[in-house]
Amino acid sequence: MEKSLKSIATNYGLYLGALLALITVIAYAVNLELLTNMWVGIFIMVLIIIFGIISVAKVKQSQNGFATFKQAFTSYFIAVLIGLLISTLVSYLLFNFIDTEAAEVLKEKTIEQTVQMLEGFNTPNEAIAQAVEKIESQNQYSLGNIAKGVAGYLVFFSIIGLIVAAALKKNDPDAE
């Protein structure tokens with residue numbers, strides 16, 4: 001059973017990673033601003049959660065409708081982890097080796113959106129200047145920043161995964 005759980009979760013993680021990589025490449029080719037668009041970001045987050053849920057559902061289905069909390073969470077986590085790692089690798093290669101100028105364009109777009117958002121919250125000019133300076137001084141696509149980003153996403157999606165696992169778990173009464 002454990003092998004099929006890992007196999008199913010890995011497959012859905014690969015599907016998710018391929019889809020996220022495709023979205024990144026298409027957004028890169030069509031319009032870089034899509035990569036800084038809030039709605040695209042929300043769509044991607046929902047997509048990640050959906051793939052995690054599908055992974056859990058498929059594991060349950062393979063086990064006659066039963067999955068413990070641990071099995072449900074493990075399935076969700078593996079799928080999300082693999083998907084995020086593939087997507088991150090594609091972004092890293094794209095913006096550090098293939099087109100480094102695109103990374104600078106994205107940084108400028110990020111700064112513009114940050115300034116607009118902070119002005120919308122009536123943030124003092126000196127705080128806006130500090131935020132812009134911080135963004136300008138960092139390489140968003142350095143290994144360290146990418147690792148921090150992946151870790152943050154994993155924490156966020158793990159919390160959601162715990163909720164999903166609690167909602168979808170169903171213990172086999174014959175196994176107890």
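**Where two helices meet**

Start where Phe95, Asn96, Phe97 and Ile98 of helix 3 touch Thr100, Ala102, Ala103 and Leu106 of helix 4; contact here means heavy atoms within 4.5 Å. By class, that contact has six nonpolar, two polar and no charged residues. Ala, Val, Leu, Ile, Met, Phe, Trp, Tyr, Cys and Pro are the ones counted as nonpolar, Asp, Glu, Lys and Arg are charged, and the others, Gly among them, are polar. Before going on, a word on the ground rules: this is a predicted model, where local features need pLDDT of at least 70, side-chain atom pairs count only at pLDDT 80 or more, and totals for chains, interfaces and linings use all residues. Residues are numbered from 1 along each chain as its sequence is written, and side-chain values use heavy atoms, with hydrogens and water left out.

Two packed helices are described by the angle between their axes and the distance between the axes. For helix 3 (residues 69–98) and helix 4 (residues 100–120), the angle is about 105 degrees and the axes are 5 Å apart. Axes are lines fitted to C-alpha atoms, for helices over the stretch in contact, and angles run from 0 to 180 degrees between N-to-C directions. Helix 3 and helix 4 are therefore roughly perpendicular, since that word covers 65 to 115 degrees (under 35 is roughly parallel, over 145 roughly antiparallel, and the rest oblique).

Now zoom out. The chain has six helices and zero strands, where helices (H or I, at least four residues) and strands (E, at least two) are DSSP runs numbered from the N terminus. The C-alpha atoms fill a box of roughly 65 × 35 × 25 Å along the principal axes. Of the contacts between residues at least 6 apart in sequence, 82% join residues at least 24 apart. Out of 176 residues, 35% count as buried; that means under 20% relative accessible area, with exposed being over 50% and partly exposed in between (1.4 Å probe, protein chains only).

What's inside? In soluble globular proteins, nonpolar side chains tend to be buried together. A nonpolar core here is a set of buried Ala, Val, Leu, Ile, Met, Phe, Trp, Tyr and Cys residues joined through side-chain atoms within 4.5 Å. The largest one has 32 residues, and Ile48, Tyr76, Phe95 and Phe157 touch the most other members. Two or more residues each come from helix 1 (2–30), helix 2 (38–62), helix 3, helix 4 and helix 6 (143–168), with helix 3 giving the most, eight residues. Leaving out residues up to four places away in sequence, phenylalanine 157 touches Met45, Ile48, Ile49, Tyr76, Val80 and Leu84. Apart from this core lies another, of six residues, including Val115, Leu118, Ile128 and Ile135.

Is serine 75, at 0% relative accessibility, buried or exposed? Serine 75 counts as buried. This helix 3 residue touches Leu5, Ala9, Ser55, Val56 and Val59, again not counting residues up to four places away in sequence. Its side chain reaches the backbone nitrogen of valine 56 at 3.4 Å.

Finish with two asparagines in loops. Asparagine 64, between helix 2 and helix 3, has a positive phi near 60 degrees and, at 65% relative accessibility, counts as exposed. Asparagine 122, in the loop between helix 4 and helix 5 (125–137), has a positive phi of about 55 degrees although it is not a glycine. At 68% relative accessibility, asparagine 122 counts as exposed.

Technical notes:
A polar contact is a pair of N or O atoms within 3.5 Å; within protein, one must be able to donate a hydrogen and the other to accept it, and residues adjacent in sequence count only if both atoms are side-chain atoms.
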